[in-house]
Amino acid sequence: PDAAYGVQLTYMEKLASLSETNQTNWLLSENADAYVYAVAIQAEAFRKNDARIPLLEAALVNTMDEINAQGNRYRLASSFRLRSPVVV
């Protein structure tokens with residue numbers, strides 16, 4: 001390069017695992033219902049209450065679809081726009 005240039009990057013960060021020292025992440029902070037549905041599915045399976053699992057799975061899939069759609073909207077909100085070619 002002929003000079004120093006600044007660059008702004010947007011990247012996909014890996015979801016931080018929960019632990020004793022890291023007790024939250026963006027998913028838990030912004031979409032705690034995803035965790036609630038996943039835990040409820042495991043609890044119902046443990047209790048052998050199989051009739052409730054499809055209802056909870058549907059709620060989890062709906063929540064995950066909303067999270068993915070929100071991520072797509074964020075990623076596609078680019079400042080780059082296509083322009084028509086200039087005809088001279």
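In these legends, contact means heavy atoms within 4.5 Å. The structure is a predicted model, in which local features need pLDDT of at least 70 and side-chain atom pairs count only at pLDDT 80 or more, while totals for chains, interfaces and linings use all residues. Residues are numbered from 1 along each chain as its sequence is written, and side-chain values use heavy atoms, with hydrogens and water left out.

**View 1. The fold of the protein, with three helices and zero strands.** Helices (H or I, at least four residues) and strands (E, at least two) are DSSP runs, numbered from the N terminus. Along the sequence the pattern reads α-α-α. Of the 88 residues in the protein, 14% are buried, where buried means under 20% relative accessible area, exposed means over 50%, and partly exposed lies in between (1.4 Å probe, protein chains only). Among the contacts with a separation of 6 or more, 32% are accounted for by residues 24 or more positions apart.

**View 2. The packing of helix α2 against helix α3.** Two packed helices are described by the angle between their axes and the distance between the axes. Here α2 (residues 32–46) and α3 (residues 53–76) pack at an angle of about 160°, and their axes are 9 Å apart; the axes are lines fitted to C-alpha atoms, for helices over the stretch in contact, and angles run from 0 to 180 degrees between N-to-C directions. The two helices are therefore roughly antiparallel to each other, a term that applies to angles over 145 degrees, whereas those under 35 count as roughly parallel, 65 to 115 as roughly perpendicular and the rest as oblique. The crossing of α2 past α3 is left-handed, that is, the near helix is turned anticlockwise from the far one by less than a right angle, with clockwise giving a right-handed crossing. On the α2 side the contact is made by Asp33, Ala34, Tyr37, Ala38, Ala40, Ile41, Glu44 and Ala45, and on the α3 side by Ile53, Leu56, Glu57, Ala59, Leu60, Thr63, Met64 and Ile67. By class, this contact has 12 nonpolar, one polar and three charged residues, with Ala, Val, Leu, Ile, Met, Phe, Trp, Tyr, Cys and Pro counted as nonpolar, Asp, Glu, Lys and Arg as charged, and the others, Gly among them, as polar.

**View 3. The largest nonpolar core, seven residues in all.** In soluble globular proteins, nonpolar side chains tend to be buried together. A nonpolar core is a set of buried Ala, Val, Leu, Ile, Met, Phe, Trp, Tyr and Cys residues joined through side-chain atoms within 4.5 Å. In this model the largest such core is made up of Leu27, Ala34, Ile41, Ile53, Leu56, Leu60 and Ile67. Helices α2 and α3 each supply at least two residues of the core, and its largest share, four residues, comes from α3. When residues up to four places away in sequence are not counted, Leu27 touches Leu15, Ala32, Tyr35 and Ile67.

View 4. Thr63 is buried, with a relative accessible area of 5%. Leaving aside neighbours within four places in sequence, Thr63 is in contact with Asp33, Ala34 and Tyr37. Asn31 also counts as buried, at 13% relative accessibility, and, with neighbours within four places again left aside, Asn31 is in contact with Trp26 and Ile67.

**View 5. Val39 and Ala38 in helix α2.** Ala38 is partly exposed, with a relative accessible area of 31%; Ala38 and Ala59 are 21 residues apart in sequence and 9.4 Å apart in space, C-alpha to C-alpha.

**View 6. Thr10 in the segment before α1 and Lys48 in the loop between α2 and α3.** Thr10 is exposed, with a relative accessible area of 59%, and the C-alpha atoms of Thr10 and Arg75, which are 65 residues apart along the chain, are separated by 8.6 Å. Lys48 counts as exposed at 69% relative accessibility. Although Lys48 is not a glycine, it has a positive phi of about 60°.
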